[in-house]
Amino acid sequence: PPQQQDLRVSIDKRHRKGKEVTLVTGFVGKEEDLKDLGKEIKTKMGVGGSVKSGELIIQGDLRDDVVDFLINKKYKVKKAGG
């Protein structure tokens, strides 16, 4: 359930040719559920992204928007890094 998730949202530039992405880590559950959450976020924000090795990758610096979205969905969220 969302209330038991402890998600971290951060910005990453490493190995991405200088482009910023928003990373959501710490998701516990099925890969399918993470993909569904990713699809919902990407649709809401109008951006691309993917799910790889348990991390949700959203294109661009949308950390604040993603945090607000996840809080509205009743997830326990913290900003990580800078």
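Me: Which side chains meet in a salt bridge at 2.4 Å, N to O?
Reply: Those of Lys79 and Asp64. The term stands for a side-chain nitrogen of Lys or Arg within 4 Å of a carboxyl oxygen of Asp or Glu.

Me: And where do Lys79 and Asp64 sit in the chain?
Reply: Lys79 is in strand β5 (residues 76–79) and Asp64 in helix α2 (residues 63–72), so the pair links distant parts of the chain, 15 residues apart. Helices (H or I, at least four residues) and strands (E, at least two) are DSSP runs, numbered from the N terminus.

Me: Before I go on, what kind of model is this?
Reply: A predicted one, where local features need pLDDT of at least 70 and side-chain atom pairs count only at pLDDT 80 or more, while totals for chains, interfaces and linings use all residues. Residues are numbered from 1 along each chain as its sequence is written, and side-chain values use heavy atoms, with hydrogens and water left out.

Me: Back to that pair: how exposed are Lys79 and Asp64?
Reply: Lys79 is partly exposed at 47% relative accessible area, and Asp64 is partly exposed too, at 44%. Buried means under 20%, exposed over 50%, and partly exposed lies in between (1.4 Å probe, protein chains only).

Me: How many salt bridges does the whole structure have?
Reply: The search finds five. Among them are Asp6 with Arg8, at 3.9 Å N to O, and Lys13 with Glu20, at 3.9 Å N to O.

Me: What about the accessibility of Asp6 and Arg8?
Reply: Asp6 comes out at 35%, partly exposed, and Arg8 is partly exposed at 31%. For the other pair, Lys13 is partly exposed with 46%, and Glu20 is partly exposed with 30%.

Me: New topic. What order do the elements run in?
Reply: From the N terminus, β-β-α-β-β-α-β, which gives two helices and five strands.

Me: Is the chain compact or extended for its length?
Reply: As compact as a globular protein of that length, because its radius of gyration is 12 Å, close to the 12 Å that the globule rule gives for 82 residues. That radius is taken over C-alpha atoms, and the rule is 2.2 Å times the number of residues to the power 0.38. The C-alpha trace spans about 35 × 25 × 20 Å along its principal axes.

Me: What share of the residues is buried?
Reply: 32% of the 82.
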